[in-house]
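Biologist: I am new to this one. Can you take me through it?

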Amino acid sequence: MLAIGKKHEAWVVDGIDRYERRLKKPYDLSWRLLPHSARQEEAARTEESDRILGAVGADEHLILLDERGTAFDSPGLARHLQGRFDVGAPVTMVIGGAYGVDTRVHARADRVWSLSPLVFPHQLVRLILAEQVYRAQEISAGRPYHHA
């Protein structure tokens, strides 16, 4: 996971840890947190996009979180992630900054995913992602965590 922002806030740490402890390779998570820009709007978007692009390897399958992206249901996310893992592709999910990311990050993304047309606080998105990756792992393994 790659996110613009500060470390996990205390209220979200326990939730993220709850799911991370249950994750097994290749679903295990690691977080790369990049600092916010001190600039505003377009300048911030550009600076933070530079940081994101500098942190992403050429071989990484990039899933960009954006409310204007396309939705996955949980089984669809499980199939998508498992498909990437089956071919050995490292998967990186990106949470941009408050002003979003620029067109270069969108162009680099292999998939633009919308959790919802609503906008959520970044800390909450981190917790949702941890739970959804855990759910995807359980769906792929055929375990009963997810009830259709």
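Modeller: Here are some questions and answers on a predicted model.

Biologist: In β2, which residue is the bridge partner of A3?

Modeller: Strand β1 covers residues 2-4. β1 and β2 pair in the parallel sense over three bridges. In β2, the partner of A3 is L33.

Biologist: Is K24 buried or exposed?

Modeller: K24 sits in the loop between α1 (10-20) and β2. Its relative accessibility is 52%. The cut-off for exposed is over 50%, so K24 counts as exposed.

Biologist: Which element gives the most to the lining of the largest pocket?

Modeller: The largest pocket has a volume of about 390 Å³. Of its 21 lining residues, the closest to the centre include L65, D66 and H122. β3 and α5 each supply at least two residues of the lining. With four residues, the most comes from β3.

Biologist: And which element gives the largest share of the lining of the second largest pocket?

Modeller: That pocket has a volume of about 310 Å³. It is lined by 15 residues, with M1, P26, D28, V91 and T92 nearest its centre. The elements giving two or more residues are α3 (74-86) and β4. The largest share, three residues, comes from β4.

Definitions and conventions. Residues numbered from 1 in each chain as written. Predicted model: local features only at pLDDT ≥ 70, side-chain atom pairs only at ≥ 80, totals over all residues. Heavy atoms only, no water. Pairing = 2+ DSSP bridges. Buried < 20%, exposed > 50% of the residue type's maximum accessible area, 1.4 Å probe, protein only. 1 Å grid on protein atoms, 1.4 Å probe; cavity = no way out; pocket = protein on both sides within 12 Å on 5 of 7 lines; lining within 4 Å. Points joined across faces, edges and corners; volume = space filled by probe spheres on them.
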